[in-house]
Amino acid sequence: VGSFFTKFNSWKEYMHLAESNKDLLDENALLRHQLQELRSRDTLFEALNTDSLDNPSRYEFIVASVVNNSVHQKNNYITINKGSRDGIQKDMGVISSTGVVGTVLNVSPNFSTIKSLLHKTEKISVSIDSTSSAFGSLVWGDNTESRFAMVRDIPNHVKLYVGQPIYTSGFSSKFPKGIKVGYIVQTDIVSGGSFKDVRILLTTKFEKLTHVYIVKDKLAKEKVELETLSEQNDG
């Protein structure tokens with residue numbers, strides 16, 4: 001089945017080649033800009049580029065091609081052409097050049113399935129712009145549109161505005177902090193009590209995905225084991 005989808009989607013990848021190349025160029029431009037900012041801060045630049053055991057880079061990114069993708073179901077899934085032989089593991093986060101994609105669900109030697117962000121049980125921790133200390137949970141819920149989602153449980157005192165960017169919080173081992181998720185398009189949604197919800201426009205264009213990046217957090221195992229131990233001791 002995986003091989004069939006690989007062949008079937010080759011033409012779709014060609015059709016979206018121009019737009020994919022544009023996304024890659026935009027991404028390269030952004031990375032060059034960020035690198036330039038780091039170069040202006042010598043100490044930080046040297047620290048981030050130190051390849052010693054004392055200061056290893058925390059994240060690795062594995063590039064994969066999308067060979068199957070659903071966007072119009074109540075629960076959507078994506079199949080990619082990388083599996084356990086490539087270091088892919090269950091529960092790894094998946095991103096694109098434009099935003100968050102989902103979480104690795106099942107893995108075979110050569111393929112993996114991803115629980116798309118367009119799934120009613122998928123939930124990720126996000127922050128309200130890059131400087132705010134306010135956080136919420138991004139969910140697609142029972143939505144039927146692939147471009148929109150909700151951020152729930154934002155404290156009522158937090159000031160919000162249309163166009164405000166939403167980023168990953170970094171609280172989970174799935175995603176690094178600061179990956180753009182979307183922009184607020186509606187703020188006047190009251191969920192009751194001390195919290196409110198907002199509607200956002202997702203930056204990831206799920207219907208046009210051809211390539212994704214699987215996030216490998218080298219410190220994920222250590223973090224999860226410590227948190228599990230703390231919960232056990234507390235109980």
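**Entry 1: Lys-74**

I looked up Lys-74 and found it exposed, at a relative accessible area of 70% (buried is under 20%, exposed over 50%, partly exposed in between, with a 1.4 Å probe and protein chains only). I am working from a predicted model, in which local features need pLDDT of at least 70, side-chain atom pairs count only at pLDDT 80 or more, and totals for chains, interfaces and linings use all residues. Residues are numbered from 1 along each chain as its sequence is written, and side-chain values use heavy atoms, with hydrogens and water left out.

I placed Lys-74 in the loop between E1 and E2; strands (E, at least two residues) and helices (H or I, at least four) are DSSP runs numbered from the N terminus. I then listed its contacts, meaning heavy atoms within 4.5 Å. Leaving aside neighbours within four places in sequence, Lys-74 touches Leu-118, His-119, Lys-120 and Trp-140. For Leu-118, 44 residues away along the chain, I noted a C-alpha separation of 7.8 Å from Lys-74.

**Entry 2: the barrel**

I traced a closed barrel of six strands in the order E1-E2-E5-E4-E3-E12, with antiparallel pairing. The twist from one strand to the next averages 45°, taken between axes fitted to C-alpha atoms, with angles from 0 to 180 degrees between N-to-C directions. Two strands count as paired if DSSP finds at least two bridges between them.

I went through three of the pairings:

- E1 (residues 59-69) and E2 (residues 75-80) are antiparallel over three bridges; Asn-69 has Ile-78 in E2 as its bridge partner, and a hairpin of five residues joins E1 to E2.
- E2 and E5 are antiparallel over five bridges, and Ile-80 is bridged to Ser-112 in E5.
- E4 (residues 100-107) and E5 (residues 112-119) are antiparallel over five bridges, with Ser-116 in E5 as the partner of Gly-102.

**Entry 3: the core**

I looked for nonpolar cores, that is, sets of buried Ala, Val, Leu, Ile, Met, Phe, Trp, Tyr and Cys residues joined through side-chain atoms within 4.5 Å. The largest has 42 residues, and those with the most contacts inside it are Leu-138, Val-151, Val-181, Ile-200, Leu-202, Val-212 and Ile-214. Apart from neighbours within four places in sequence, Ile-214 is in contact with Glu-60, Phe-61, Ile-62, Ala-64, Ile-80, Ile-88, Met-92, Gly-93, Val-94 and Val-104.

**Entry 4: rings**

I found one aromatic pair in the structure. Rings of Phe, Tyr and Trp (its six-membered ring) pair if their centres lie within 6.5 Å; planes under 30 degrees apart count as stacked, over 60 as edge-to-face and the rest as tilted. Phe-135 and Phe-171 have ring centres 4.6 Å apart and planes at 45°, so I logged the pair as tilted. Phe-135 is in strand E7 (residues 135-139) and Phe-171 in the loop between E9 (165-168) and E10, so the pair ties together parts 36 residues apart in sequence. Phe-135 is partly exposed at 30% relative accessibility, and Phe-171 is partly exposed at 47% relative accessible area.

I also checked Arg-199, whose charged end sits over the ring of Phe-148, 4.1 Å from its centre. The criterion is NZ of Lys or CZ of Arg within 6 Å of the ring centre and within 35 degrees of the ring normal.

**Entry 5: Asp-188**

I placed Asp-188 in strand E10 (residues 180-192). Asp-188 is exposed, with a relative accessible area of 60%. Its C-alpha atom is 9.4 Å from that of Leu-160, 28 residues apart along the chain.
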